[in-house]
Amino acid sequence: MKWSAQDLADRCEQIGFPIPRNVIANMESGRRAVLPLVEVMVLAEALYTHPLRLIYPVGYVEEVQQLPLTYPVDTAKAMRWFAGLNEDYQADHRMLRHHVAHATALERAAIAVQLEAQQGWVVERAIDDTARAKALRTQAEFAERAARARDELYQVRSEIYADGEPLPDLPDELADVDPAEGYERDTD
């Protein structure tokens, strides 16, 4: 980005976690070899990148030390290990896959439910029978999408529950999606 150490220090301060210029200079020169994770996260935000790209710079260097005092390995392999994307830890990989699928399904369902509700507002305010009929058809399409999205979320939550993993919280408008087979939602 062609920034000076001071430019980066200023950006870190804007984020709300100051990292002094001399500390950044020591990182660059290798005089400071150990970085706390919080500093890696702040530097990534300051540099408009992901923390993982700072730890394992895929595309910039071919090999890195996956762990300290080990032989260098392929950077992409090290990154996959760090991100939990390799197959070495099946249980962890399954849990990660479940929770990524859950986040995706939850987002789809929340958007679909919101669109269906917004279309209900359009139906209520239709100015004539033709507009109302068109709005009702659109609302029915949104309701079908919402039903499919809720079903997808239910399936993902059922898999998570069947594997004995804790179910992530749901917003109130989707609370009825929980699997019924013996699962009791925590209402505290």
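**Pockets, cores and a few residues**

Analyst: Happy to! Let's begin with the second largest pocket, whose lining divides into four nonpolar residues, one polar and one charged. Keep in mind that this is a predicted model.

User: Which residues line that second largest pocket?

Analyst: Its lining is made of Leu47, Thr49, Arg53, Leu54, Pro57 and Tyr60. The space in this second largest pocket comes to about 170 Å³.

User: And how much space lies in the largest pocket?

Analyst: That one holds about 1100 Å³. It is lined by 30 residues, and the closest to its centre are Ala33, Leu35, Val40, Leu54 and Ile55.

User: What does the lining of the largest pocket look like by class?

Analyst: There are 24 nonpolar residues in it, along with three polar and three charged ones.

User: Changing topic: which residues touch the most other members in the largest nonpolar core?

Analyst: Those are Ala109, Leu153, Leu174 and Val177, in a core of 13 residues. Helix 6 (90-124) and helix 7 (129-162) are the elements that give two or more residues to this core. Helix 7 gives the most, with five residues.

User: What does Leu174 touch?

Analyst: Leaving out residues up to four places away in sequence, Leu174 touches Leu106, Ala109, Ala110, Val113, Arg150 and Leu153. There is also a second, separate core of 11 residues, which includes Ala5, Ile19, Val23 and Leu43.

User: Let's talk about Asp176. Where is it found?

Analyst: Asp176 sits in the segment after helix 7. Its side chain is joined to the side chain of Arg150 by a polar contact of 2.3 Å.

User: Is Asp176 buried or exposed, and why?

Analyst: Asp176 is exposed, because its relative accessible area is 58%, and the cut-off for exposed is over 50%.

User: What separates Asp176 from Val64?

Analyst: Their C-alpha atoms are separated by 47 Å, and the two residues are 112 residues apart along the chain.

User: Now His98. Where does it sit, and is it buried or exposed?

Analyst: His98 is in helix 6. With a relative accessibility of 4%, His98 counts as buried, since buried means under 20%.

User: Which side chain does His98 make a polar contact with?

Analyst: The side chain of His98 makes a polar contact of 2.6 Å with the side chain of Asp163. Not counting residues up to four places away in sequence, His98 touches Val156, Glu159, Ile160, Asp163 and Glu165.

User: One more topic, backbone angles. What is phi of Lys2?

Analyst: Phi of Lys2 is near 60 degrees, a positive value in a residue other than glycine. Lys2 lies in the segment before helix 1, and at 87% relative accessibility it counts as exposed.

User: And what about phi of Leu69?

Analyst: Leu69 is not a glycine, yet it has a positive phi of about 60 degrees. You'll find Leu69 in the loop between strand 1 and strand 2 (72-74). Leu69 counts as exposed too, at 85% relative accessibility.

User: Great, thanks for the tour!

Definitions and conventions
Residues numbered from 1 in each chain as written. Predicted model: local features only at pLDDT ≥ 70, side-chain atom pairs only at ≥ 80, totals over all residues. Heavy atoms only, no water. 1 Å grid on protein atoms, 1.4 Å probe; cavity = no way out; pocket = protein on both sides within 12 Å on 5 of 7 lines; lining within 4 Å. Points joined across faces, edges and corners; volume = space filled by probe spheres on them. Nonpolar A, V, L, I, M, F, W, Y, C, P; charged D, E, K, R; others polar. Core = buried A, V, L, I, M, F, W, Y, C linked by side-chain atoms within 4.5 Å. Buried < 20%, exposed > 50% of the residue type's maximum accessible area, 1.4 Å probe, protein only. Helix = DSSP H or I, 4+ residues; strand = E, 2+ residues; numbered from the N terminus. Contact = heavy atoms within 4.5 Å. Polar contact = N/O pair within 3.5 Å; in protein donor to acceptor, adjacent residues only side chain to side chain.
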